[in-house]
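Here's a quick briefing to read alongside the model. Have the sequence and the 3D view open as you go.

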Amino acid sequence: MTDFKLTPDMLTFSGVFYPKGYMFIMFPLEKDAQQVAESLGQLSDKPEVVQLSPATVLREVGQVDDDSDVDLPSVGTEGATVRKYIQLARQGNSALMVKADSDEEAERVMVEVRKVPFSYGQRYHLLAMEDLE
């Protein structure tokens with residue numbers, strides 16, 4: 001598992017979080033996020049996995065301090081999604097960001113994710129976002 005580092009390629013031109021080629025999944029309990037990260041690390045084809053604390057989601061993804069109001073531009077679905085991440089992080093949700101280049105890789109990840117409760121997830125394609133269930 002690697003540490004999260006926000007890079008310019010994870011942002012839209014307007015600066016909103018949009019990590020193409022990744023899944024971003026939020027969990028009410030940090031232990032569940034950790035369990036999923038560990039189980040993904042045991043797969044034969046180990047995906048890149050990054051675990052984010054609620055504070056990291058707020059600071060890096062949401063670009064807000066813990067208690068500040070968010071003033072994201074109204075940029076459509078990706079802005080609304082980041083606002084959802086902020087709301088969940090403020091409730092204590094942790095996140096996993098997992099590299100998934102294909103539908104098969106995404107489904108392997110979701111098999112592990114579905115073993116525990118998760119609150120919200122998105123898969124970021126080049127031009128579209130996919131709700132994860």
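## Surface and overall build

The protein chain has an accessible surface of about 7200 Å², and 49% of that belongs to carbon and sulfur atoms. Bear in mind that this is a predicted model.

**Fold and dimensions**

- There are four helices and five strands in the protein chain, and reading along the sequence gives you the pattern β-α-β-α-α-β-α-β-β.
- A compact globule of 133 residues would have a radius of gyration near 14 Å, and the protein chain agrees with that because its own value is 14 Å.
- Taken along the principal axes, the box filled by the C-alpha atoms is roughly 40 × 30 × 25 Å.

**Burial, contacts and charge**

- Of the 133 residues in the protein chain, 44% count as buried.
- Take the contacts between residues at least 6 apart in sequence: 73% of them join residues at least 24 apart.
- On the charge side, the protein chain carries 13 positive and 23 negative side chains, yet the centres of the two sets sit 1 Å apart.

**A look at helix α3**

- Helix α3 covers residues 77–90, and its 14 residues should span 20 Å at 1.5 Å a residue; the end C-alpha atoms are 20 Å apart, so the model agrees with the expectation.
- The buried residues in α3 are Glu78, Gly79, Thr81, Val82, Tyr85, Ile86, Leu88 and Ala89.
- What do those buried residues of α3 pack against? Their partners are the strands β1 (22–27), β4 (120–124) and β5 (129–131), plus helix α2 (54–61).
- After α3 comes Gly92, which has a positive phi, near 100°.

**Thr56, in α2**

- Thr56 lies in helix α2, one of the elements that the buried residues of α3 pack against.
- Is Thr56 buried or exposed? Its relative accessibility is 16%, and buried means under 20%, so Thr56 counts as buried.
- Set aside the neighbours within four places in sequence, and Thr56 is in contact with Phe4 and Val61.

**Lys115, in a loop**

- You'll find Lys115 in the loop between α4 (103–113) and β4.
- Lys115 counts as exposed because its relative accessibility is 56%, with the cut-off for exposed being over 50%.
- Lys115 and Gln35 are 80 residues apart along the chain, while their C-alpha atoms are separated by 9.5 Å.

Terms used. Residues are numbered from 1 along each chain as its sequence is written. This is a predicted model: local features need pLDDT of at least 70, side-chain atom pairs count only at pLDDT 80 or more; totals for chains, interfaces and linings use all residues. Side-chain values use heavy atoms; hydrogens and water are left out. Helices (H or I, at least four residues) and strands (E, at least two) are DSSP runs, numbered from the N terminus. The radius of gyration is taken over C-alpha atoms; the globule rule is 2.2 Å times the number of residues to the power 0.38. Buried means under 20% relative accessible area, exposed over 50%, partly exposed in between (1.4 Å probe, protein chains only). Contact means heavy atoms within 4.5 Å. Accessible areas come from the Shrake-Rupley method with a 1.4 Å probe; for residues, only the protein chains shown count as cover. Lys and Arg count as positive and Asp and Glu as negative; His and the chain ends are not counted. The place of a charge is taken as NZ of Lys, CZ of Arg, CG of Asp or CD of Glu. The expected span of a helix is 1.5 Å times one less than its number of residues.
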